[in-house]
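Please examine the sequence and the three-dimensional structure shown below.

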Amino acid sequence: MPVVENQGVRIYWDEQGKGAPVLLIMGLGYTSVMWHRTRPALAQHFRTVAFDNRGVGLSDVPPGPYSIATMASDAAAVLDAAGITRAHVFGVSMGGMIAQEFALQYPARTRSLILGCTSPGGPSSIPVDSNVIDVLLMRGMTPEQARDAILPYIYAVATPRDKVDEDVRLRQPWLPSPEGYMAQLQGILAWESYSRIAQIKVPTLVIHGKSDALVPPGNGELIAERIPGAKLVVLEHASHIFLTDQTEQAHKGILEFLLSHADGEPGSS
């Protein structure tokens, strides 16, 4: 099992495909398994490297909180373990926050940036409704109850139920412990990039579902306005899990962006 140690914590990672490297960073409480719809499409053209953030999956669950900066350093350690100096970086939700921080802390290692369904954090971001916060904080709920309670806020109404059920089944064996989940959530709540992301100079795609009730789409607009030259794509009939809600449309935009910035790249750097 490929594992890299960072700051005394073991981080699980793996790779699929060949070509220019793309680092995939998943969101709050989710493992790399949840790239199941998108990774096969990317791996046809790219060397995809994915990992379980500290606190979930096959990675260690150290005492929290986990800062976003620390999780960005985990991402850098994964690239080191894979022998990759520079990669395209694609993060969703909390993973998009980690991706922003990675681009700020490791600009020379960032080839391009894809920020999906994410936020710049802090007081400048557009807040979520209070009822969603109750679910996120798992108030009075088991992990399984919280998993089910969040579904109406993260999937579009028109998304076929069998696609949602497939996601739920795949995630079930990897539900995080309350300790790991809360340690990640504390990192989210303590973080902001709004004051800094204008420093990001790499090509950036911001992609967001129009009906996202977990991270309101105005946050994607804020990010795209702040990062010089960033491209914003807002997907109709898509909520937070836009890769399930509008799989083909999302993949089309993501692949067009990556392929347009991958010309002449060696496969290992």
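## Strands, core and a helix

Strand S3 and strand S5 (residues 87-92) run parallel and are joined by four bridges. Within this pairing, Leu24 stands opposite Phe90 of S5. The model is predicted, so local features need pLDDT of at least 70 and side-chain atom pairs count only at pLDDT 80 or more, while totals for chains, interfaces and linings use all residues. Residues are numbered from 1 along each chain as its sequence is written, and side-chain values use heavy atoms, with hydrogens and water left out.

Helices (H or I, at least four residues) and strands (E, at least two) are DSSP runs, numbered from the N terminus. Two strands pair if DSSP finds at least two bridges between them. The table lists further pairings.

| Strands | Sense | Bridges | A bridge pair |
|---|---|---|---|
| S1 (residues 3-6) and S2 (residues 9-16) | antiparallel | four | Asn6 and Val9 |
| S2 and S4 (residues 47-51) | antiparallel | four | Asp14 and Ala50 |
| S3 and S4 | parallel | four | Val22 and Thr48 |

The hairpin of S1 and S2 has two residues between the strands, and Gln7 takes a positive phi near 55° there.

How many residues of strand S3 (residues 21-25) are buried? Five of its five residues are buried, a term that means under 20% relative accessible area, with exposed meaning over 50% and partly exposed lying in between (1.4 Å probe, protein chains only). In a regular strand, side chains alternate between the two faces of the sheet. Both faces of S3 are covered, with Pro21, Leu23 and Ile25 on one side and Val22 and Leu24 on the other.

A nonpolar core is a set of buried Ala, Val, Leu, Ile, Met, Phe, Trp, Tyr and Cys residues joined through side-chain atoms within 4.5 Å. The largest such core has 85 residues, and Leu23, Phe90, Phe242 and Ile254 have the most contacts inside it. Helix H2 (residues 68-82) supplies the largest share of this core, nine residues. Contact means heavy atoms within 4.5 Å. Leaving aside residues up to four places away in sequence, Ile254 touches Leu42, Phe90, Ile114, Leu205, Ile207 and Leu243.

In helix H6 (residues 161-171), the buried residues are Lys163, Val164, Asp167, Val168 and Arg171. Seen down the axis of H6, these residues fall within an arc of 140°, so they line one face of the helix; the arc is that of the directions from the helix axis to the C-beta atoms. The buried residues of H6 pack against helix H5 (143-154), helix H9 (242-245) and helix H10 (247-260). Turned away from the buried side of H6 is a face that carries the exposed residues Arg161, Asp162 and Arg169.
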